[in-house]
Amino acid sequence: MNTTTDPLRVTLIIGSNRHGRFGPVVADWLLDHLRAHDGLLPEVVDVAATDLPTTLAPSPRATAALAEITPRLADADAFVVLTPEYNHSFPAGLKNLVDWHYGEWRAKPVGLVSYGGLAGGLRAVEHLRQVFAELHAVTVRDTVSFHNAGASFDARGALVDPSGPDAAAKTMLDQLVWWGRTLREAREKRPYGVA
């Protein structure tokens with residue numbers, strides 16, 4: 001049994017698998033914050049590294065991919081989903097990863113980080129909130145978003161002006177920790193039972 005002071009296992013999901021994607025730049029910055037935050041044990045699931053078919057049909061390929069991914073999602077106490085915005089929503093590869101799982105998301109918190117052009121990926125975030133609500137997950141209120149993301153980072157992958165994003169990340173992670181510990185304790189005392 002975990003205690004409220006045990007480290008929170010947080011899985012960062014990198015949601016883009018597009019060729020030439022910008023996601024790893026934002027993910028590196030985000031991982032620094034996850035590692036620096038007290039009480040978090042981060043792990044990464046990268047959609048680009050998965051081989052889940054889109055048919056949702058059991059197959060040897062699906063079984064092999066799920067054997068790699070599903071335990072990592074099931075063991076997580078909380079998630080941070082990093083998404084770009086493609087055509088006013090989130091990527092198909094991320095939706096596919098989410099749809100292959102159900103119980104792994106239930107009664108767990110999800111922090112959302114987005115990047116994109118003028119909208120900063122916020123339309124993708126709002127769509128993800130609806131999806132995770134359907135899966136009985138809790139999205140935390142505050143997000144981190146990068147508007148015109150390419151201009152926000154320099155050639156080395158460092159933020160040009162880290163003050164706003166750093167403060168937003170701290171707020172989001174503090175909320176994630178509160179929800180993560182609260183829901184972990186609740187699941188241990190009263191397993192979340194939904195069909």
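Here is a tour from the whole chain down to single side chains.

Before you click, know that this is a predicted model, where local features need pLDDT of at least 70, side-chain atom pairs count only at pLDDT 80 or more, and totals for chains, interfaces and linings use all residues. Residues are numbered from 1 along each chain as its sequence is written, and side-chain values use heavy atoms, with hydrogens and water left out.

**Stop 1: the whole chain.** Switch to cartoon view and you'll find 6 helices and 6 strands; these are DSSP runs numbered from the N terminus, helices being H or I with at least four residues and strands E with at least two. Starting at the N terminus, the order is β-α-β-α-β-α-β-α-β-β-α-α. The radius of gyration is 16 Å, close to the 16 Å that the globule rule gives for 195 residues, so the chain is as compact as a globular protein of that length. (That radius is taken over C-alpha atoms, and the rule is 2.2 Å times the number of residues to the power 0.38.)

**Stop 2: helix 3.** Select residues 92-99: G93, L94, N96, L97 and V98 are buried here, meaning under 20% relative accessible area, while exposed is over 50% and partly exposed lies in between (1.4 Å probe, protein chains only). What covers these buried residues? Among the elements that do are strand 1 (8-14), strand 2 (40-46) and helix 4 (122-134). Now show D99 and K95, which form a salt bridge with closest N and O atoms 2.8 Å apart. (A salt bridge is a side-chain nitrogen of Lys or Arg within 4 Å of a carboxyl oxygen of Asp or Glu.) The two are 4 residues apart in helix 3, about one helical turn.

**Stop 3: D46 and R21.** This salt bridge has its closest N and O atoms 2.7 Å apart. D46 sits in strand 2 and R21 in the loop between strand 1 and helix 1 (23-36), so the pair ties together parts 25 residues apart in sequence. Is D46 buried or exposed? D46 is buried, at 18% relative accessible area, whereas R21 is partly exposed at 23%.

**Stop 4: helix 6.** Select residues 163-189, where K189 and E185 lie 4 residues apart, about one turn of the helix. They form a salt bridge as well, with closest N and O atoms 2.9 Å apart. K189 is exposed, at 55%, and E185 is partly exposed, at 32%. To finish, select R9, D77, R184 and R187, which salt bridges with shared partners join into one network.

Notes. Contact = heavy atoms within 4.5 Å.
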